[in-house]
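Here are my notes on the model you asked me to look over.

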Amino acid sequence: MNPNILILGAPGAGKGTQSARISDEFDVEHVTTGDALRANKHMETEHGTPASFMDAGELVPDPVVNEIVNAALSEADGYVLDGYPRNLSQAEYLDDITDLDVVLYLDVDEEELVHRLTGRRLDPETGDIYHVKYNPPEDEKVEARLEQRDDDDEETVRERLRVYRENTEPVIEHYEETGELVRIDGEQTPDEVWNDIRETVESEA
């Protein structure tokens, strides 16, 4: 059996980058809420289909998200789950449908998160993401056309982080109480973070 891994962290903590490495190294599926919803947007649940909410620009309610995640996990032989659970009720539902081998929490200071997120830039022609400090483009022409996305300005970033903390702090506390949570210093370099993650998964799973 391949490991069942949950990765938690605020926007900008590096979950996507590290989840991809986990998926490759341990041969498990990278399950994200967004991908699962898009792949199953026409799946019928007693509360309607995800598409019925997504097409209306509404948040998909917890019961629908729960069913979609359940379907995605049931088809996976090992997984790294990224972007779920977002609140305590989802965490409690997850406890009922699967057994986790390890819960990783990428711990990053808020000011560092703001710095990372507000420094991101989008290349509108290719869709590639750069960072003004950590990952600037080598080509000056590319650099000249980079744009900051609306949701990466400082005011919006701080609000996203506030909402994240409000909803997800109880999730962090939940897994600390169960003894499953392993805190990873997310302010290290990506390679150092990865080394800590790999060692943790190998010892826990």
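1. Glu 25 sits in helix 1, where helices (H or I, at least four residues) and strands (E, at least two) are DSSP runs numbered from the N terminus. Glu 25 is partly exposed, at a relative accessible area of 43%. On the wording: buried is under 20% relative accessible area, exposed is over 50%, and partly exposed is in between (1.4 Å probe, protein chains only).

2. Before you read on, bear in mind that this is a predicted model: local features need pLDDT of at least 70, side-chain atom pairs count only at pLDDT 80 or more, and totals for chains, interfaces and linings use all residues. Residues are numbered from 1 along each chain as its sequence is written, and side-chain values use heavy atoms, with hydrogens and water left out.

3. Which residues form the negative surface patch? Glu 25 is one of them, together with Asp 24, Asp 27, Asp 77, Glu 199 and Glu 202. Helix 1 (15-26) and helix 9 (190-204) are the elements that give two or more residues to this patch. A patch here takes residues with over 30% relative accessible area and no salt bridge, and joins like charges within 9 Å. Asp and Glu count as negative, and the charge is placed at CG of Asp or CD of Glu.

4. Now the overall picture. The protein has 9 helices and 7 strands. Its radius of gyration is 18 Å, close to the 17 Å that the globule rule gives for 205 residues, so the protein is as compact as a globular protein of that length. That radius is taken over C-alpha atoms, and the rule is 2.2 Å times the number of residues to the power 0.38. Along the principal axes, the C-alpha atoms fill a box of roughly 50 × 45 × 30 Å. Buried residues make up 42% of the 205.

5. On to charge pairs. Side chains of opposite charge can pair when their charged atoms come close. Counting a salt bridge as a side-chain nitrogen of Lys or Arg within 4 Å of a carboxyl oxygen of Asp or Glu, the total is 17.

6. Asp 152 is worth a look in the viewer. Is Asp 152 buried or exposed? It counts as buried, at 1% relative accessibility. Its side chain meets that of Arg 120 in a salt bridge (3.1 Å, N to O). This pair links distant parts of the chain, 32 residues apart: Asp 152 is in the loop between helix 7 (140-145) and helix 8 (154-178), while Arg 120 is in strand 5 (residues 120-122). Arg 120 is partly exposed at 23%. Asp 152 also has a salt bridge with Arg 160, at 3.6 Å from N to O, and Arg 160 is partly exposed with a relative accessible area of 27%.

7. In helix 8, Glu 154 and Arg 158 are 4 residues apart, so about one helical turn separates them. They form a salt bridge, with their closest N and O atoms 3.0 Å apart. Both partners count as partly exposed: Glu 154 at 43% relative accessibility and Arg 158 at 27%. Salt bridges with shared partners join Glu 154 and Arg 158 into one network with Glu 110, Glu 111 and Arg 165.

Notes
Patch = residues over 30% accessible without salt bridge, like charges linked within 9 Å, V, L, I, M, F, W, Y side chains within 5 Å. Areas by Shrake-Rupley, 256 points an atom, 1.4 Å probe, with all protein chains shown as cover.
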